Amino acid sequence: MSAPAPTLSDAEIRDLVLALLDSPDDVAIVQAGHPVLRQQAKDFTGQLSAAELSAFLDLMRAVMHAAPGVGLAAPQLGVPLRLAVLEDQWPIPEEIASERDREPLPYFAVVNPVYHGVGEELAPFYEGCLSVHGLQGVVARHQRVRLDWTTPDSEARSEEFAGWQARIVQHETDHLAGTLYVDKAVTRSLTFNPEYAEYWAAPGIDAARKGLGF
């Protein structure tokens, strides 16, 4: 079933963004149940001026860092536009980085992104979401994807990503189609953060598979 179209007009979307920029200290990440998270975001077609777009992406990046997270899509701030910011520079133990094929991802912003799986290999790991507070679940994502997008400066780009970087790309782009990670998660794997930390926070998911039966 396809997600419904957004209900806000272009003018209303711009007004919403300007309101967020006027009160950055009051910006909050919307949570599951908010209708914008279940709508198709609109293609960015110039609803914001270049200066407004730059300021909004800067705000998104600041909110992502404060959360903290490794990606944030515009719908997570209530704005139904196909925009996202991605960055993974958080230090993590070498064992976890190796098991999850996790390498630093320098900051970049994407406009109207689309990804395609490359090859058949899937990688199942736990992931969470800033809009599904306190919960994690195992999602089998493409191990490698090609991402096509436009930069904020209107430059067409295409690049392949693998491992955890590919997971971030897929997670954030899914938000723009009204999809949350829980839609793709193994339901028996779902766990709240304290239980995850106590029982399942291993580099891999073998213990969780055995203990939770998935």
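**View 1. Burial across the predicted model.** Buried residues (under 20% relative accessible area, 1.4 Å probe, protein chains only) account for 46% of the 214 residues in this protein. The model is predicted: local features need pLDDT of at least 70 and side-chain atom pairs pLDDT 80 or more, while totals for chains, interfaces and linings use all residues. Numbering starts from 1 along each chain as its sequence is written, and side-chain values use heavy atoms, with hydrogens and water left out.

View 2. Strands are DSSP runs of E of at least two residues, and helices are runs of H or I of at least four, numbered from the N terminus; two strands pair if DSSP finds at least two bridges between them. Strand 2 (residues 83-88) and strand 3 (residues 105-117) are antiparallel and share five bridges, with Asp88 opposite Leu105. Strand 3 also runs antiparallel to strand 6 (residues 144-150), again over five bridges; here Val111 faces Thr150.

**View 3. The largest nonpolar core.** A nonpolar core is a set of buried Ala, Val, Leu, Ile, Met, Phe, Trp, Tyr and Cys residues joined through side-chain atoms within 4.5 Å. The largest one has 25 residues, and Leu86, Phe108 and Tyr126 are among those with the most contacts inside it. Elements giving two or more residues to this core include strand 4 (122-128) and helix 4 (163-175). A second, separate core of 23 residues includes Met60 and Ala109.

**View 4. Surroundings of Leu86.** Not counting residues up to four places away in sequence, Leu86 touches Met64, Val70, Phe108 and Ile168, among others (contact: heavy atoms within 4.5 Å).

Definitions and conventions:
Buried means under 20% relative accessible area, exposed over 50%, partly exposed in between (1.4 Å probe, protein chains only).
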